[in-house]
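Here is a briefing on one structure, grouped by topic. Look at the sequence and the model first, then read on.

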Amino acid sequence: MTLSVSLQQSMPNFSLDVTFEAPSGITVLFGESGSGKTTTINAIAGLLTHCEGRVTLSNRVLFDSDDNKHLKPYQRNIGYIFQESRLFPHLTVEQNLNYAKRFKKADKSVDFNHIVELLGIKSLMKRAPSSLSGGEKQRVAIGRALLSAPDLILADEPLAALDGARKAELLPYFKKLNRELGIPMLYVTHSPQEVLELADHVIALEQGRIVTQGPAREVMANSKVARTANRAIKSTLTTRLVAHHSDGLSELQAANETLYVPSIDASIGTSVCLELVANDLILSTTKVDGISALNQVNGTVESIENIPSGDVLINVCVAGEIISTHITSRSLKKLNLNVGDACVLIIKSVNICPSNRCKG
Amino acid sequence: MSDWLGPNEWAAVLLSIKVAFWATLFSLPAAIGIAYLLAKKEFVGKQLLNGIVHLPLILPPVVTGYLLLITFGKRTPIGSFLAEWGIEFAFRWSGAALAAAIMAFPLLVRAIRLSIEAIDPKLEEAAATLGASRRWVFLTITLPLMLPGIIAGAVLGFAKAMGEFGATITFVSNIPGQTQTLPSAIYAFLQVPGGESSATKLVIISIIIAMSALLASEWLSRRMSRRLQS
């Protein structure tokens, strides 16, 4: 089953021009937001109509603008897993799962019990979607898409709305499903971790164009892709707002560490979640004087990871949370850091932004 | 209760319920259709349709009643055509139902349209990717999700239909037992000396019906939206 896609779209602020083939297995569309990933899969699903090109699945033409052929979404037999699970709120979990049953072609059979078993959602059957946790909702949504017996699964950042622990819990399902059910999948993400875990084949997008494509390791090692990937490595740190200063800074506290950030519009005592981009952090073995950066926080090296671009990620434990720092292997050699060593993270205040992605 | 109310008063209450019931029942499918068009579709004349639907809300009811009279009256082309098929409106209870339906229509459309607009179109997209054609999406997703609005609209429309006065009295007059609905009866009782006590009873009944309708619609839509929250 091969998906072959050629799509062009030009809008005032954005143009898309992609041509690729997705073999069976998991193909990941990787890129930053705004790179055209979602536009591409929406066009494949038939949810987006204003574009040119041709999409075929095996020998079936789903869309051909030259031929003026445009199958409706319901005629394409493509399962779609959305970022927000989009479960039908008026139906129970079981009814959601069975929704596609009445539209299924007779020659298609899916094993309901097998899929329910795989996803571990047997105990949720009678529940209402509103009573499920984020991870459970998403598992039901995966099941619902699979039970429509699709020829292809599209997944649009299905883990993006979940916190770290839920992500880790859900990720193996995608691999397992692909292995056990053999349905090809086109998976959209901006997370390099997900690419490395899942992808058999990666297509890297930037501003509506394909930068490169191929096996995951190879693509992620491409310097252009790596730059995108590294920008996407972020960690979160939970802090408490302790004071507002008259020079436009807010003072935050995480365990014993103090951080200064551009003024946050919240009252004293509120918990503030900070998002730290691995690329923006400086690592040092000692505190540094005579430096503009206002924040120097103590941590210990938790682990050291090699990443495909040839650099390293130093995961530092600060106030009980893990902060990833991206440095070159030369810097690592120079600092001579090992797991368990004490170190100092230097963070420019202006590089810190509050986020709502902390767990809890 | 039948002791407390005289036969004429009792007849007016029953007639009002009958009129309001049929008015709501018949205008509901049309209201759903038009609300759907107004909420979801773009077409030439959309504002005009919107205007016509809302017209009875703004026009003096007596104007609406007069327009009905010159459209459906016995000697008009439409009236005599319908009469051949055994359908007569003028000076019949069915005419009162027609007038009530038209007057309640904007309220129905409004409530239903709001409930359609509150439905996340992403859910309808999801249903389409699962194999549902547009008709199935409407039947299995849109319609159930707009149910709170339909019920709220129907209850409100029913109450409006029960209280309709101006268009009804203009179109079908005020014939006890035939076309004398609750408000017409109150009006009639107030015209005769000593009618106040009968009028007061009917006023109390009107207040009870209106209040219950409002509470019921509020309760129903709140219960539904709680269930639908995701």
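**Briefing**

The structure holds 14 salt bridges over all chains. A salt bridge here is a side-chain nitrogen of Lys or Arg within 4 Å of a carboxyl oxygen of Asp or Glu. This is a predicted model, in which local features need pLDDT of at least 70 and side-chain atom pairs count only at pLDDT 80 or more, while totals for chains, interfaces and linings use all residues; side-chain values use heavy atoms, with hydrogens and water left out. Residues are numbered from 1 along each chain as its sequence is written, with chains lettered from A and ligands numbered from 1 in the order in which they are written.

**A salt bridge in chain A**

- Side chains of opposite charge can pair when their charged atoms come close.
- A:Arg60 and A:Asp151 form one of the salt bridges, with 3.4 Å between the closest N and O atoms.
- This pair links distant parts of the chain, 91 residues apart.
- A:Arg60 sits in strand 5 (residues 60–64) of chain A, and A:Asp151 lies in the loop between helix 5 (134–146) and strand 8 (152–156) of chain A.
- Helices (H or I, at least four residues) and strands (E, at least two) are DSSP runs, numbered from the N terminus.

**The largest pocket**

- The largest pocket has a volume of about 1,200 Å³.
- Its lining has 44 residues, and the closest to the pocket centre are A:Gly164, A:Lys167, A:Ser191, A:Gln193 and A:Lys234.
- On a 1 Å grid over the protein atoms alone, a pocket is an open set of points with protein on both sides within 12 Å along at least five of seven lines, whereas a cavity is a set where a 1.4 Å probe fits but cannot get out; lining residues have an atom within 4 Å of a point.
- Grid points are joined across faces, edges and corners, and a volume is the space filled by probe spheres set on the points.
- Helix 6 of chain A gives the largest share of the pocket lining, six residues.
- Elements of chain A that each supply at least two lining residues include helix 7 (192–198), helix 8 (216–221), strand 12 (234–244) and strand 17 (295–306).
- Domain 1 (3–231) and domain 2 (234–355) of chain A each contribute at least three residues to this lining; the bounds come from an automatic or database domain assignment.
- By class, the pocket lining has 19 nonpolar, 13 polar and 12 charged residues.
- Ala, Val, Leu, Ile, Met, Phe, Trp, Tyr, Cys and Pro count as nonpolar, Asp, Glu, Lys and Arg as charged, and the others, Gly among them, as polar.

**Cavities**

- The structure holds four cavities of 30 Å³ or more.
- Residues from both chains line the largest cavity, among them A:Tyr80, A:Phe82, A:Arg144, B:Thr129 and B:Leu130.
- Strand 7 (78–81) and helix 5 of chain A, together with helix 6 (121–129) of chain B, each give two or more residues to the lining of the largest cavity.
- That lining divides into seven nonpolar, three polar and one charged residue.

**Sheet 14-13-12-15-21**

- Five strands of chain A form an open sheet in the order 14-13-12-15-21, with antiparallel pairing.
- Strand 14 (257–262) and strand 21 (353–355) of chain A are the edge strands, and each pairs on one side only.
- The twist averages 50 degrees from one strand to the next; axes are lines fitted to C-alpha atoms, for helices over the stretch in contact, and angles run from 0 to 180 degrees between N-to-C directions.
- Two strands pair if DSSP finds at least two bridges between them.
- Strands 12 and 15 (residues 271–277) of chain A pair over seven bridges, and A:Leu237 has A:Leu274 as its bridge partner.
- Four bridges join strand 12 to strand 13 of chain A, where A:Arg240 partners A:Gln253.
- Strands 12 and 13 of chain A form a hairpin with four residues between them, and A:Gly248 in the turn has a positive phi of about 90 degrees.
- Six bridges join strand 13 (residues 249–254) to strand 14 of chain A, with A:Ser250 partnered by A:Val261.

**Sheet 16-20-17-18-19**

- A five-stranded open sheet of chain A has the order 16-20-17-18-19, with antiparallel pairing.
- Strand 16 (282–284) and strand 19 of chain A stand at the edges with a single partner strand each, so one side of each has no neighbour in the sheet.
- The twist averages 45 degrees from one strand to the next.
- Strands 18 and 19 of chain A pair over seven bridges, and A:Leu313 has A:His326 as its bridge partner.

**Chain B**

- Chain B has 11 helices and zero strands.
- Its C-alpha atoms fill a box of roughly 70 × 45 × 30 Å along the principal axes.
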